Amino acid sequence: ARAVCFAHWPVATDRIRPHLPDPLDPMRVEDTAWLSVVVLEMVDVQAGPVPTLARPFTQVNFRTYVEHAETGDPGVYFLSLDCGDGLAGAVGNGVWGLPFHRADSSTVSRGDEVVVRSRRVGDGPEARFGARYRPVGESFQAQPGTLEDALIERHRFFVERSGSVVAGEID
């Protein structure tokens with residue numbers, strides 16, 4: 001992935017809870033639940049035996065952070081994933097049951113600035129997203145136990161499939 005942007009907002013736990021299937025609970029970091037938008041341009045995407053997709057595409061995902069009430073395992077729960085490639089979205093939805101929506105989207109880089117536009121098309125509620133961002137500060141590695149670590153270094157997702165919640169890994 002390239003042109004990645006993570007943006008995070010603290011949200012009252014009771015606002016997140018209705019959007020989660022049992023047995024997932026909102027994860028509290030710094031005494032609050034969090035909602036994030038992650039924007040990225042996907043490149044060289046491959047899903048198992050499916051050949052690498054030839055062209056880059058934009059993905060906009062809205063997610064929150066959860067813990068499995070029975071195991072205590074942390075992860076993310078995707079509220080929506082808007083995808084600029086219909087095949088990638090169909091595979092993600094069909095194979096993993098993730099809430100992909102087809103979108104007309106673009107990522108344009110102008111020097112160090114990135115401009116993203118996305119508009120959901122087809123089924124699902126109308127949604128639009130636009131952002132302009134650029135790097136600020138130096139690169140750093142999130143330190144364990146920090147807010148940055150909790151919001152970025154989540155490599156497990158949970159999804160509801162056939163009435164139960166299953167986990168997958170994010171690479």
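The side chains of Arg17 and Asp25 meet in a salt bridge, with 3.9 Å from N to O; the term is used here for a side-chain nitrogen of Lys or Arg that lies within 4 Å of a carboxyl oxygen of Asp or Glu. The structure is a predicted model, in which local features need a pLDDT of at least 70 and side-chain atom pairs count only at pLDDT 80 or more, whereas totals for chains, interfaces and linings use all residues. Residues are numbered from 1 along each chain as its sequence is written, and side-chain values rest on heavy atoms, with hydrogens and water left out.

Under the rule for salt bridges, the count comes to eight. Arg17 forms a salt bridge with Asp22 as well, the closest N and O atoms being 2.5 Å apart. Burial is described by relative accessible area, where buried means under 20%, exposed means over 50% and partly exposed lies in between, computed with a 1.4 Å probe on protein chains only. On this scale Arg17 is partly exposed at 27% and Asp25 is partly exposed at 32%, while Asp22, with a relative accessible area of 61%, is exposed.

Another of the salt bridges joins Asp82 to Arg120, and here the closest N and O atoms are 2.9 Å apart. This pair links distant parts of the chain, since Asp82 belongs to strand E5 (residues 74-83) and Arg120 to strand E7 (residues 113-120), 38 residues apart; strands (E, at least two residues), like helices (H or I, at least four), are DSSP runs numbered from the N terminus. Both partners count as buried, Asp82 with a relative accessible area of 7% and Arg120 with one of 10%. Elsewhere, salt bridges that share partners join Arg17, Asp22 and Asp25 into one network.

When neighbours within four places in sequence are left aside, Asp82 is in contact (heavy atoms within 4.5 Å) with Thr58, Gln59, Val60, His101, Ala103, Ser118, Arg120 and Ala127.

The structure holds zero disulfides, a disulfide being a pair of cysteine sulfur atoms within 2.5 Å. Cys5 takes part in none, and the nearest cysteine sulfur, that of Cys83, is 18 Å away. From the side of Cys83, the closest cysteine sulfur is that of Cys5, and the 18 Å between them is too far for a bond. Cys5 counts as buried at 19% relative accessibility, and Cys83 is buried with a relative accessible area of 1%.

Aromatic rings were examined next. Rings of Phe, Tyr and Trp (its six-membered ring) pair if their centres lie within 6.5 Å, and planes under 30 degrees apart count as stacked, over 60 as edge-to-face and the rest as tilted. By this rule there are two aromatic pairs. The ring centres of Phe62 and Phe129 are 6.2 Å apart and the planes stand at 80 degrees, so this pair is edge-to-face. Because Phe62 lies in strand E4 (residues 57-68) and Phe129 in strand E8 (residues 128-133), the pair ties together parts that are 67 residues apart in sequence. Phe62 is partly exposed, with a relative accessible area of 27%. Phe78 and Phe157 form a tilted pair, with 6.1 Å from centre to centre and 55 degrees between the planes. This pair, too, links distant parts of the chain, with Phe78 in strand E5 and Phe157 in strand E9, 79 residues apart, and both Phe78 and Phe157 are buried.

Strand E9 (residues 156-161) pairs with strand E10 (residues 164-169) in the antiparallel sense over six bridges, two strands being treated as paired if DSSP finds at least two bridges between them. Within this arrangement Val159 stands opposite Val166 in E10. The hairpin of E9 and E10 has two residues between the strands, and Ser162 takes a positive phi near 50 degrees there.

Asp44 is placed in the loop between strand E3 (33-42) and E4, and at 65% relative accessibility this residue counts as exposed. The C-alpha atoms of Asp44 and Ser164, residues that are 120 apart along the chain, are separated by 31 Å.
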